[in-house]
Amino acid sequence: QGDYIKVGQDWSRWVAEDLFDEYYLWFPTTSDLETIGRQVSQMAEIVAGRRPLVAEISCYHLGSIQDPKRLLQAARRAKDNGADSVGIYRSHSVDQLDLWPVVSQIARLFS
């Protein structure tokens with residue numbers, strides 16, 4: 001199955017047993033849109049709408065998405081593949097990179 005499942009996390013069982021209020025997929029060093037889409041899609045299939053699914057995209061870490069256009073594309077990819085919302089990791093990086101306008105665009109995607 002998906003990359004998250006490969007590291008020993010039994011998402012399917014956890015969802016079936018209703019163990020969590022929501023599920024986060026964190027992409028700290030991922031800038032590949034295909035990877036984001038694939039992993040969100042895999043988790044959305046497992047969660048099947050039973051709990052909120054959040055895709056947390058970083059603009060802080062080395063290898064993360066720091067370009068406004070790509071950040072918006074990543075958020076769209078997450079939404080199109082089943083994310084209920086998108087978080088952006090770290091606000092001070094949003095300040096430093098002047099990403100607040102794109103954060104507003106991302107928020108509108110989910111409103």
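Predicted model: local features only at pLDDT ≥ 70, side-chain atom pairs only at ≥ 80, totals over all residues.

User: Why is Asp98 called exposed?

Analyst: Exposed means over 50% relative accessible area. Asp98 has 56% relative accessibility, so Asp98 counts as exposed. You will find Asp98 in the loop between α5 (91-96) and α6 (100-109). Its C-alpha atom is separated by 9.9 Å from that of Asp67, and the two residues are 31 apart along the chain.

User: How do you know that strand β2 pairs with β3?

Analyst: Pairing needs at least two bridges between the strands. Five bridges join β2 (residues 53-58) to β3 (residues 85-89), and the two strands run parallel. Two places to look: Glu56 has Gly87 as its bridge partner in β3, and Ser58 stands opposite Tyr89.

User: What makes β1 and β2 a pair?

Analyst: The cut-off is again at least two bridges. Strand β1 (residues 23-27) and β2 have five, in the parallel sense. Here Tyr23 stands opposite Leu53 in β2.

User: Why is β2 said to be largely enclosed by the rest of the structure?

Analyst: Buried means under 20% relative accessible area. Six of the six residues of β2 are buried, so β2 is largely enclosed. Leu53, Ala55 and Ile57 point one way, while Val54, Glu56 and Ser58 point the other way, and all are buried.

User: Which helices go with these strands in β-α-β units?

Analyst: Helix α3 (residues 33-47) forms a right-handed unit with β1 and β2. Helix α4 (residues 68-80) forms a right-handed unit with β2 and β3.

Notes: Residues numbered from 1 in each chain as written. Heavy atoms only, no water. Helix = DSSP H or I, 4+ residues; strand = E, 2+ residues; numbered from the N terminus. Right-handed = clockwise from strand over helix to strand, strands pointing away. Buried < 20%, exposed > 50% of the residue type's maximum accessible area, 1.4 Å probe, protein only.
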